[in-house]
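Let's take a friendly walk through a protein model together. Keep the structure open beside you as you read, and find each residue as it comes up.

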Amino acid sequence: MPGPEAGKLIEIQSYKHNGHLHRVWESSMVLKSTRHVIIGANDRTTVTESDGRRWITREPAICYFHSKYWFNIIGMLRNDGVYYYCNISSPFVYEDEAIKYIDYDLDLKVFPDMTYKILDEDEYEIHKKQMNYPHVLDRILYNNMDALIRWVRQRKGPFSPEFIDQWYERYLTYR
């Protein structure tokens, strides 16, 4: 199935394992779309939580989604550098004008100096029990967390020094 064309505005929809909608980013611009990768950007976009609460993002962000990896990566451009928020999630699908994925709670926060911290392991353990994640899924998710940490250490993909700057420049040409 073909992805969205560059310059198109789309939604990003995050679900939970039980199928419930978790969070929606209203408007992100597609910068690149291939069979396996979508790179998008947004700035001051409205986010709606599952409980109806709405908020607006504070800074420009470059989003990286892959159809083969169980994570997605958001690089946020702040005054003191790029901060990354990485969701351990299902690979994305693109349908109905939206990028969709299942969020599995585990997150990796990466700081401008490339140090990192694993977040929400307690929330993951609660949802794993509540939603009966199969053992094989648990292994897949932790293997992908290990792969993500290797990407950080190797400065691979979105963690390479020029990646976020390059795509942010492209985003500015579309705006």
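Start with asparagine 132, which sits in the loop between α1 (121–130) and α2 (135–154). In this predicted model, its phi is near 50°, a positive value in a residue other than glycine. Why is that worth a look? Most residues other than glycine have a negative phi. Is asparagine 132 buried or exposed? Its relative accessibility is 61%, and because the cut-off for exposed is over 50%, asparagine 132 counts as exposed.

Methionine 114 also has a positive phi, in this case near 70°. You can find methionine 114 in the loop between β10 (98–110) and β11 (116–119). Its relative accessibility is 14%. Since buried means under 20%, methionine 114 counts as buried.

## The annotated domain

Now step back to a longer stretch of the chain. The UniProt record, an unreviewed entry, places a feature called "domain: DUF402" at residues 18–156. Within that span, 50% is strand and 22% is helix.

## Pairs of opposite charge

Side chains of opposite charge can pair when their charged atoms come close. How many salt bridges does the structure hold? The count is 12. One of them joins aspartate 103 and lysine 16, with 3.0 Å from N to O. Aspartate 103 belongs to strand β10, while lysine 16 is in the loop between β1 (9–15) and β2 (21–33), so this pair ties together parts that are 87 residues apart in sequence. Both partners count as buried: aspartate 103 has a relative accessibility of 5%, and lysine 16 has 8%. Lys16 and Asp103 are also linked with Asp105 in a network of salt bridges.

Another salt bridge brings arginine 23 and glutamate 49 together, with their closest N and O atoms 2.9 Å apart. This pair links distant parts of the chain, since arginine 23 is in strand β2 and glutamate 49 is in strand β4 (residues 46–49), 26 residues apart. Arginine 23 is partly exposed, at 22% relative accessible area, whereas glutamate 49 is buried, at 10%.

A further salt bridge forms between aspartate 96 and lysine 100, whose closest N and O atoms are 3.4 Å apart. Here aspartate 96 is exposed, with a relative accessible area of 63%, but lysine 100 is buried, with 12%.

## The nonpolar cores

Let's finish inside the protein. The largest nonpolar core has 36 residues, and the members that touch the most others are Ile62, Ile73, Tyr84 and Phe159. Which elements each supply at least two residues of this core? They are β2, β3 (37–42), β6 (61–66), β7 (71–78), β8 (81–89), β10, α2 and α3 (163–174). The largest share, eight residues, comes from α2. Apart from this core lies another one, of 16 residues, including Ile10, Trp25, Ile38 and Ile99.

Zoom in on phenylalanine 159 to see its neighbours. Leaving aside residues up to four places away in sequence, phenylalanine 159 touches Ile73, Tyr84, Cys86, Val110, Met114, Leu148, Trp151 and Val152. You have already met one of these partners: Met114 is the buried residue with a phi near 70°.

Note on methods
Residues are numbered from 1 along each chain as its sequence is written. This is a predicted model: local features need pLDDT of at least 70, side-chain atom pairs count only at pLDDT 80 or more; totals for chains, interfaces and linings use all residues. Side-chain values use heavy atoms; hydrogens and water are left out. UniProt positions are given in the numbering used here, feature names are shortened, and annotations may be inferred rather than shown by experiment. Helices (H or I, at least four residues) and strands (E, at least two) are DSSP runs, numbered from the N terminus. Buried means under 20% relative accessible area, exposed over 50%, partly exposed in between (1.4 Å probe, protein chains only). A salt bridge is a side-chain nitrogen of Lys or Arg within 4 Å of a carboxyl oxygen of Asp or Glu. A nonpolar core is a set of buried Ala, Val, Leu, Ile, Met, Phe, Trp, Tyr and Cys residues joined through side-chain atoms within 4.5 Å. Contact means heavy atoms within 4.5 Å.
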